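Morning, everyone. One structure today, and I'll keep it quick. Please have a look at it before I start.

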Amino acid sequence: MRRTITAALGITAATWVMVAQADVTVLAVRLGANDVVALAKFYDAAFGLKEIDRVGEPTTEIIMRYGATVAAAKAGSSPEFLIMNREAGAGKDAMAHAIFHVSDLAATVAAAKAAGAKMEGEVVTVPIGGMPVKIATMTDPDDNVLELMELAKGATHLPHP
């Protein structure tokens with residue numbers, strides 16, 4: 001009987017931990033580039049990623065996604081590859097890192113902290129494509145950069161013209 005109760009309590013505790021975490025999916029991967037345009041051409045030729053947006057003049061970042069055509073890539077919802085000029089980034093942000101789409105930024109930050117992550121700066125809200133996006137930057141226990149984004153309610157990916 002004790003084993004049954006212990007097992008039931010363990011399953012209940014695990015369920016509570018899972019409920020405390022928000023829905024999390026990979027939104028994007030940021031890659032550093034010495035020549036943003038040249039590296040974007042490589043990812044198109046080698047892996048079939050299509051350019052869906054550019055940032056800056058001159059270009060400091062190219063955003064790519066999978067799709068048979070540029071229009072299909074823009075309409076799709078695959079994770080994005082953000083190819084960013086290394087000189088445009090600052091500090092650790094110039095490193096390649098994973099970007100996660102989360103449904104509840106506060107809950108995800110709390111779960112990540114409880115698991116050993118550390119905050120880098122404060123949570124900020126920035127407009128991306130006209131959409132307000134909450135962003136938290138963290139480091140995992142091995143000091144890898146993680147970017148967490150809470151999009152506007154109902155949005156599944158960042159808007160690109």
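I'll begin with the aromatics. Searching the whole structure turns up three aromatic pairs. Take the one between Phe42 and Tyr43. Its geometry is edge-to-face, with 5.0 Å centre to centre and 85° between the planes. Keep in mind that this is a predicted model, and every value I quote is computed from it.

Phe42 has a relative accessible area of 42%, so it counts as partly exposed.

Which residues make up the aromatic cluster? Phe42, Tyr43, Tyr66 and Phe81 form one cluster.

Now the overall fold. We have four helices and nine strands. Along the sequence, the order reads α-β-α-β-β-α-β-β-α-β-β-β-β. The protein has 161 residues, and 34% of them count as buried. On contacts, look at those with a separation of 6 or more: residues 24 or more positions apart account for 52% of them. The accessible surface is about 9,500 Å². Carbon and sulfur atoms hold 61% of that surface.

One backbone detail. Which peptide bond is cis? The one from Glu57 to Pro58, with omega near 5°. And where is Pro58? In the loop between strand E2, residues 49-55, and strand E3, residues 61-66.

Last topic: pockets. The largest pocket has a volume of about 160 Å³. Its lining comprises 10 residues. Which of them lie nearest the centre? Val24, Thr108, Ala111, Ala112 and Leu148.

Where does the lining come from? Helix H4, residues 105-114, and strand E9, residues 145-150, each supply at least two residues. H4 gives the most, with three.

To recap. Over to you.

Definitions and conventions
Residues are numbered from 1 along each chain as its sequence is written. This is a predicted model: local features need pLDDT of at least 70, side-chain atom pairs count only at pLDDT 80 or more; totals for chains, interfaces and linings use all residues. Side-chain values use heavy atoms; hydrogens and water are left out. On a 1 Å grid over the protein atoms alone, a cavity is a set of points where a 1.4 Å probe fits but cannot get out, and a pocket is an open set with protein on both sides within 12 Å along at least five of seven lines; lining residues have an atom within 4 Å of a point. Grid points are joined across faces, edges and corners, and a volume is the space filled by probe spheres set on the points. Rings of Phe, Tyr and Trp (its six-membered ring) pair if their centres lie within 6.5 Å; planes under 30 degrees apart count as stacked, over 60 as edge-to-face and the rest as tilted. Buried means under 20% relative accessible area, exposed over 50%, partly exposed in between (1.4 Å probe, protein chains only). Contact means heavy atoms within 4.5 Å. Accessible areas come from the Shrake-Rupley method with a 1.4 Å probe; for residues, only the protein chains shown count as cover.
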